[in-house]
Amino acid sequence: MAIRQGLLALLSQGPRYGYQLRTEFEASTGAAWPLNIGQVYTTLSRMERDGLVAPGEQDNQGRVVYTITEAGRAEMERWFGTPVAQSDRPRDELVIKLAMAVTAAADVRPVIQAQRVATMRTLQELTRAKRASVEGPAQRLVLDSMIFQAEAEQRWLDHCEAVLTASPQTQERQS
């Protein structure tokens, strides 16, 4: 759902054609969320159908420039004013993997260690990207969010290891 509203936010800055929207969306998110150009045009078509954008005339290169409508501005403002609920976020595969490893009586320590190494590598890459970034505050906020998520994942992995080490069921399986 955020792609639709993200495109509306970009259109609120002025008319754009599809490729411009894709490029600006990726630049705003630090390329953390790459878009397929077909996805952009499909979304624009649906937004046109729903009265959120209006197509203009084709330019001399055959590109259609879209503008946001009043209904589109209202949709964007609704989105900005509505908090994102935890239930609206995708499932966390790592949480499911660890829960299933515990349920299957597998040795969870190597799973945690492998994830810890991968998360630390990601954290280092994100930190380097943030230092090298010359982009504006939008990309900085995206990188900061990703860094904070990686740091939180590291803390959670430490917590998982401590809980499993203290768990009588886990101690029985390891002996």
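1. Packing of α5 on α7. In this predicted model, helix α5 (residues 93-103) packs against helix α7 (residues 137-166) at an angle of about 10°, and their axes lie 13 Å apart. That angle makes α5 roughly parallel to α7. On the α5 side the contact is made by Leu94, Val95, Leu98 and Val102, and these meet Glu153, Trp156, Leu157, Cys160 and Leu164 of α7. By class, the contact has eight nonpolar residues, no polar residues and one charged residue.

2. Packing of α5 on α6. The axes of α5 and α6 come within 9 Å and cross at roughly 160°, which makes α5 roughly antiparallel to α6. The crossing is right-handed. Here Leu94, Lys97, Leu98, Ala101 and Val102 of α5 meet Val108, Val111, Ile112 and Gln115 of α6. Sorted by class, the residues of this contact are seven nonpolar, one polar and one charged.

3. A bridge from α6 to α7. Asp158 forms a salt bridge with Arg116, with the closest N and O atoms 2.9 Å apart. The pair links distant parts of the chain: Asp158 is in helix α7 and Arg116 in helix α6 (residues 108-132), 42 residues apart. Asp158 has 41% relative accessibility and therefore counts as partly exposed. Arg116, at 15%, counts as buried, because the cut-off for buried is under 20% relative accessible area.

4. Gln124 and Ala150. Gln124 is also placed in helix α6. With a relative accessible area of 40%, Gln124 is partly exposed. Between the C-alpha atoms of Gln124 and Ala150 the separation is 9.7 Å, while the two residues are 26 places apart along the chain.

5. Which residue forms a salt bridge with Glu75? The partner is Arg78, and the closest N and O atoms of the pair are 3.1 Å apart. Both residues lie in helix α4 (residues 70-81), three residues apart, which is about one turn of the helix. An α-helix has 3.6 residues a turn, so residues three or four places apart point the same way.

6. Salt bridges overall. The whole structure holds eleven salt bridges. Side chains of opposite charge can pair when their charged atoms come close. One of the bridges joins the side chains of Arg49 and Asp50, at 2.9 Å from N to O. Arg49 has 61% relative accessibility and counts as exposed; Asp50 is partly exposed, with a relative accessible area of 34%.

7. Packing of α2 on α3. Helix α2 (residues 18-28) and α3 pack at an angle of about 115°, with axes 9 Å apart. Their crossing is right-handed. From α2 the contact uses Gly18, Tyr19, Leu21 and Arg22, and from α3 it uses Ile37, Val40, Tyr41 and Leu44. These residues divide into six nonpolar, one polar and one charged.

8. Thr43. Thr43 is placed in helix α3 (residues 37-49). Its relative accessibility is 12%, so Thr43 counts as buried. Leaving aside residues up to four places away in sequence, Thr43 touches Ile3, Arg4 and Leu7.

9. Cover over α1. How many of the ten residues of helix α1 (residues 2-11) are buried? Eight are, and the helix is mostly covered.

Methods: Residues are numbered from 1 along each chain as its sequence is written. This is a predicted model: local features need pLDDT of at least 70, side-chain atom pairs count only at pLDDT 80 or more; totals for chains, interfaces and linings use all residues. Side-chain values use heavy atoms; hydrogens and water are left out. Helices (H or I, at least four residues) and strands (E, at least two) are DSSP runs, numbered from the N terminus. Buried means under 20% relative accessible area, exposed over 50%, partly exposed in between (1.4 Å probe, protein chains only). Contact means heavy atoms within 4.5 Å. Axes are lines fitted to C-alpha atoms, for helices over the stretch in contact, and angles run from 0 to 180 degrees between N-to-C directions. Angles under 35 degrees count as roughly parallel, over 145 as roughly antiparallel, 65 to 115 as roughly perpendicular and the rest as oblique. Ala, Val, Leu, Ile, Met, Phe, Trp, Tyr, Cys and Pro count as nonpolar, Asp, Glu, Lys and Arg as charged, and the others, Gly among them, as polar. A salt bridge is a side-chain nitrogen of Lys or Arg within 4 Å of a carboxyl oxygen of Asp or Glu. A crossing is left-handed if the near helix is turned anticlockwise from the far one by less than a right angle, and right-handed if clockwise.
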